[in-house]
2 protein chains.
Amino acid sequence: MDFLEFVSSRQSDRAFDPSRPVEKEKLDRILECARLAPSACNSQPWKFIVVDDPDIKNNIADATANRILSINHFTKQAPVHIIIVEEQANISAGFGSWVKNKHFPHIDIGIAAAHICLAAHSEGLGSCILGWFNEKKIKDLLNIPSSKRPILDIVIGYSVQELRDKKRKKHEDVVTYNTYKK
Amino acid sequence: MDFLEFVSSRQSDRAFDPSRPVEKEKLDRILECARLAPSACNSQPWKFIVVDDPDIKNNIADATANRILSINHFTKQAPVHIIIVEEQANISAGFGSWVKNKHFPHIDIGIAAAHICLAAHSEGLGSCILGWFNEKKIKDLLNIPSSKRPILDIVIGYSVQELRDKKRKKHEDVVTYNTYKK
């Protein structure tokens, strides 16, 4: 498998075919890829809430859209949302976060999100990671306890977007050898 | 490509063949997969410092090991370390982090780290993500400005570890549908 070609052809999709559901077996494989993701001290500080009930899904989509900023209006088209809720880290990872002043659960959730998006891509599905949403609304809709936080919402569905060129910083601006360079 | 099988056969490797270097073209493809990773508002808040100079690499490895906690003693075996340095997010992602009280650059760096480890796996290489290290020593060794932080060190090399069974939380303990469950 050419992983670079695979990564190059993945993109954040913001237009989906609302009439085409995601097959259960595809979703199961995507969730298994998320479950198997590595994490600091194998802490696995996450729960994955799959939202596929049409009413709840539409309400979740409304909680991601923002009229003033004019963002995320496409989210209602996607038949599935996966909400990643941050769970308490285990003692080792919690101790490490505290000593090293780095919040490992956020890094871990990033890793799991990458697994989800790449797994979706391998199933011929499009996806988009959302970090901007009305957290309180989502907590209320999904009965998430007040002590927990939904960190990301990943929308998944059959994309109807053309593959576009990626806009990224140049290789020489992000990669150096054996020393930091501005 | 069976991405689930691919993810299942990746593991965090903690034993490497120190006599076997990583080919430049493999490393280039891994770095390209990192560069193409998605990030909040396409912020790309990262630099990747590849450490392959034997002396600097050994000093970096020493900065990851901890005698009291007895961790990371394998890191000197790996011929390459990739240090991910956090760079300032762009205005949109910075604004989002502030309003939503979520540090998006850490999530983004997790996504890039996943791309690196999966890309290494696709090249037949082993890897391990380290978050515990002496940050000041690494900054000094790599001339990282005092205002910047190295967040992760990913060691890469040819693994000499057997594939082991993954220990993960059960599917039913991390996946639910349309509602949070304890």
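This is a predicted model: local features need pLDDT of at least 70, side-chain atom pairs count only at pLDDT 80 or more; totals for chains, interfaces and linings use all residues.
The same surface is used by both copies, since 100% of the contact residues of chain B recur in chain A.

The contact itself takes 63 residues from chain B and 64 residues from chain A. On the side of chain B that touches chain A, the elements giving two or more residues are α1 (3-8), α2 (24-35), β1, α4 (91-100), α5, α7 (171-174) and β5 (175-177) of chain B. Of these, α5(B) provides the largest share, 13 residues. Sorted by class, this side of chain B has 34 nonpolar, 16 polar and 13 charged residues. Strand pairing also crosses between the chains: strand β1 (residues 46-51) of chain A and β5(B) run parallel and are joined by three bridges. Within this pairing, A:Phe48 stands opposite B:Val175 in β5(B).

Helix α5 of chain B deserves a separate look. It spans residues 104-122, 19 residues in total, and reaches 27 Å from its first C-alpha to its last. That is close to the 27 Å expected at 1.5 Å a residue. How enclosed is α5(B) by the rest of the structure? Because 19 of its 19 residues are buried, α5(B) is largely enclosed. After the helix comes B:Gly124, with a positive phi near 80°.

Helix α3 of chain B (residues 54-64) has buried residues on one side. The buried residues in α3 are B:Lys57, B:Ile60, B:Ala61, B:Ala63 and B:Thr64. They lie on the same side of α3(B) because they cover an arc of only 160° around the axis.

In β4(B), B:Asp153 is the residue opposite B:Ile83. Strand β3(B) also runs antiparallel to β4(B), and five bridges join these two. B:Ile129 has B:Ile154 of β4(B) as its bridge partner.

Finally, two residues other than glycine have positive phi values. A:Cys41 has a phi of about 55° and sits in the loop between α2 (24-35) and β1 of chain A. B:Asn101 has a phi near 50° and belongs to the loop between α4 and α5 of chain B. Is each of these residues buried or exposed? A:Cys41 has 20 other C-beta atoms within 10 Å and is therefore buried, the threshold for this being 20 or more. B:Asn101 has 9 C-beta neighbours inside 10 Å, so it counts as exposed.

Technical notes. Residues are numbered from 1 along each chain as its sequence is written. Chains are lettered from A and ligands numbered from 1 in the order in which they are written. A residue is buried if 20 or more other C-beta atoms lie within 10 Å of its own, exposed if 12 or fewer, and partly exposed in between; C-beta atoms are placed from the backbone. Helices (H or I, at least four residues) and strands (E, at least two) are DSSP runs, numbered from the N terminus. The arc is that of the directions from the helix axis to the C-beta atoms. The expected span of a helix is 1.5 Å times one less than its number of residues. Two strands pair if DSSP finds at least two bridges between them. Two residues are in contact if their C-beta atoms, placed from the backbone, lie within 7 Å. Ala, Val, Leu, Ile, Met, Phe, Trp, Tyr, Cys and Pro count as nonpolar, Asp, Glu, Lys and Arg as charged, and the others, Gly among them, as polar.
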